[in-house]
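Work through the exercises below with the sequence and the model side by side. Try each task before reading its solution.

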Amino acid sequence: MEHVAIADQIDEMHDPDTFITKYIWSQDHKVIAIQYGGTAIVVGLVALVLSGLMRLQLGFPDTFDFIDPSAYLQFVTMHGMIMVIYLLTALLLGGFGNYLIPLMVGARDMVFPYLNMLSYWTYLLSVIVLLASFFVPGGPTGAGWTLYPPQAILNGTPGYDWGIMLMLISLAIFIVAFTMGGLNYVTTVLQARTRGMTLMRMPLTIWGIFTATVLGLLAFPALLVSAIMMMLDKTLGTSFFMPAIVSLGETMDYTGGSPVLFQHLFWFFGHPEVYIVALPAFGMVSDVLATHARKNIFGYRMMVWAIVAIGGLSFVVWAHHMYVSGMNPAFGFFFATTTLIIAIPTAIKVYNWVLTLWRGNIHLTVAMLFAIGFIFTFTHGGLTGLFLGNVVIDLPLSDTYFVVAHFHMVMGVSPIMVLFAAIYHWYPLMSGRMLHVGMGKAHFWFTFLGTYAIYLPMHYLGFLGVPRRYFAMGSTDFIPESAQSLNASITISALIVGASQLIFIYNIFWSLRNGEKAGHNPWQATSLEWQAPDIPPRHGNWGEKLPEVHRWAYDYSVPGAVEDFIPQNVPTSEVAVTADDHEEGHV
Amino acid sequence: MSFFKTLGEKPWLAQAAGGMPLLEHDPHASGRIALRFFLAVVGVLFFLFTITFLSRSQYPDFQALAGQPWQPFTDPTRLWFNTALLAFSSLAMHMALMSSRAGRMNSTIVGVTAAAFFAVLFLLAQLDLWQELQAMGFGLGGNPANSYFYLLTAVHGLHIAGGLIALSNVVFRVWNNGELNALSGLLKLCSNYWHFLFVIWLLLFGLLTSEPDTINALAALCGF
């Protein structure tokens, strides 16, 4: 399995020389990755501020005049959509996918650099359209991030006129951007691997990103289909999703459409989306754990199989988001079963991460702290998923804070923990400087403990029956007074965690100038991206000659070898061995 | 299955010396893979539209566009005419590909031009069909079956238009840079896309002109 792709031909790599071709209209995957990442983080900070505003209202109701019920719903909607799509998907695949794929498989660039550039600028357009909805009459849509019809486009929902249209248009543009990027990622992984880089020698990061991209390519069309059909319902009076309805005393022109049809489409996208976010995170955390524990990843093949199995299964669990929408009990049983089955490969991965740490030579770097933190938060969020996957337990808990706690732990906090781990791990590669360790550790402890202070009590609120999506509780007898104090404490924790992210942002900029010089391969990692001749890698990545791969990415602490890591591009004949083992012919 | 064989490899074992053989350089391999994935994306898109069509068809207000004498596609002659235009386009694309492989430049140009001409004609014919339907009183919002007809033909038409842009890009690249030897590889990608959209059109044609009984049977098959 060896290919020479267009990207490998050195004569086709023109070094960009002007500022504009180098940093703005750049076709270099590393610059595009940073553009993607920067945009995603900026828009993510907007969503973080929105969550802070929501928490202010929930923790201290009747205190802030500028948050009315409409504004609250708009904050909820925009926070959810931005975090899931415009931050996580874009940062994990557009950012890290772009940066790491060519470097980890030993290519000079993506296979279609021009398409790659187009993908970023299209993504930026989708972000601008989305953010523009804050400034249109009526403001952004407040339909909830799931945008369920009929309410999403009916008078009475905030932003039912302009906001929802801009949201749908922005999503459609995002899907176009993702498809352009995604075609690039899969083709690069399949076609541009360097000599010796077989599929099973790829780091798990690449397996995760590759599988997630395939999922994205097949799942995003469902969102596009539902967005197009809802736009037509809104603008041209079709009745795909809109039932015959009386709105504000006025009979609408819609006839018997099916709102549940939208839900099926949305979740046929929405559940794979969870794994579009999770699989790259799974892959990256595996590499961070192995590198900083100086140990090969436990059960590499099983990890790959689990990624592929989770990817496949993720397409047959979607209706577990719809137990309360009403469905045939046999369907409920089917989807509950598939949901529990998907826990098996996921549990295998968790066990393998823990077993990788077992008797490893653990270096508690900031990246490692975040990676270990991820194992906690992910296990935690995964276990509550087992509860919610069962129909009978889901019904009473579905519209409560238990669900908010569950999905924030499993797909909010956990991927973010991995993203931080990844940034602390790969920042030296991207910038040539180390991030400041003290600030990093402060950032970790505030974030890790803070998220528990936020989400652990939410499980309890859920058991009490506190409903989610509510602007204010009003007179609700069954909820004790103490729930309000708990809400206030959650808000304070949330504000502290939010503010502590400033340490991280400051660290990023501070270290750019003042960070310790990273040197070559500061973590003593085996994977190919650290073996580039220059750190950070230059345009074309590898200088004159492409690297050749002789081993998998996890040769850490190999018995008999002098050093505790053997890079992928070192041939067996060049591995330094200790005297005893030399005679016995080890390594 | 080589995929399963690949997944069964044990990468931690030492590989035999010499590494892996180098495959021959094929500049179009990447294009082919990317196109295959893109066609999968387009296929999923139309598949999902079809599934929602079948699901929506089981609601009482859905009136199929064929089956009764007063419905427009009980006699689908007009659609057959449009189909013939797209078939010619596909055929011309195939001839262009064959000619470019044989190095016959003139007939390649004729083929590509004819393919583009018939594709544009198909789009115009579809637009004309829209107007005819409107005139007959089958507007977009009148009935979900009408809505689906306009929606599916529009999405399909946009894909054809996108194909035309890609084809003109190929033509300009070959024209400006004189990459004649790259032509057949690029035309191969275009013609695959063309044939794929033709097949999609045949499926849509079948679906949109189905009588209620057929649609109900299909929907029942899908569990709706």
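This is a predicted model: local features need pLDDT of at least 70, side-chain atom pairs count only at pLDDT 80 or more; totals for chains, interfaces and linings use all residues.

Residues are numbered from 1 along each chain as its sequence is written, while chains are lettered from A and ligands numbered from 1 in the order in which they are written.

**Exercise 1. Describe the fold and overall dimensions of chain B.**

Step 1. Helices (H or I, at least four residues) and strands (E, at least two) are DSSP runs, numbered from the N terminus. Chain B has 7 helices and 0 strands. The pattern along the sequence is α-α-α-α-α-α-α.

Step 2. Take the radius of gyration over C-alpha atoms; the globule rule is 2.2 Å times the number of residues to the power 0.38. For 224 residues, a compact globule would come near 17 Å, but chain B has 22 Å.

Step 3. Check the principal axes. The C-alpha trace of chain B spans about 70 × 50 × 20 Å.

**Exercise 2. Characterise helix 3 of chain B.**

Step 1. Helix 3 covers residues 77-102, which is 26 residues. The expected span is 1.5 Å times one less than the number of residues. Helix 3 of chain B reaches 37 Å from first C-alpha to last, close to the expected 38 Å.

Step 2. Find the buried positions (20 or more other C-beta atoms within 10 Å of the residue's own; exposed means 12 or fewer, partly exposed in between; C-beta atoms are placed from the backbone). Among them are Leu79(B), Leu86(B), Met93(B) and Leu97(B).

Step 3. Look for the cover. It includes helix 4 (105-135) and helix 6 (180-208) of chain B.

Step 4. Inspect what comes just after helix 3 of chain B. Gly103(B) takes a positive phi of about 80 degrees there.

**Exercise 3. Which helix of chain B gives the most to the side that touches chain A?**

Step 1. Count contacts (C-beta atoms, placed from the backbone, within 7 Å). Chain B supplies 37 residues and chain A 45.

Step 2. Assign the chain B side. Helix 1 (2-7), helix 2 (29-56) and helix 5 (144-177) each supply at least two residues. Helix 2 gives the most, with 15 residues.

Step 3. Sort by class: Ala, Val, Leu, Ile, Met, Phe, Trp, Tyr, Cys and Pro count as nonpolar, Asp, Glu, Lys and Arg as charged, the others, Gly among them, as polar. The chain B side has 25 nonpolar, 8 polar and 4 charged residues.

**Exercise 4. How many residues of domain 2 of chain A are in contact with domain 3 of chain A?**

Step 1. Domain bounds come from an automatic or database domain assignment. Domain 2 of chain A is 361-518 and domain 3 is 519-587.

Step 2. 10 residues of domain 2 of chain A contact 8 of domain 3.

Key. Two residues are in contact if their C-beta atoms, placed from the backbone, lie within 7 Å.
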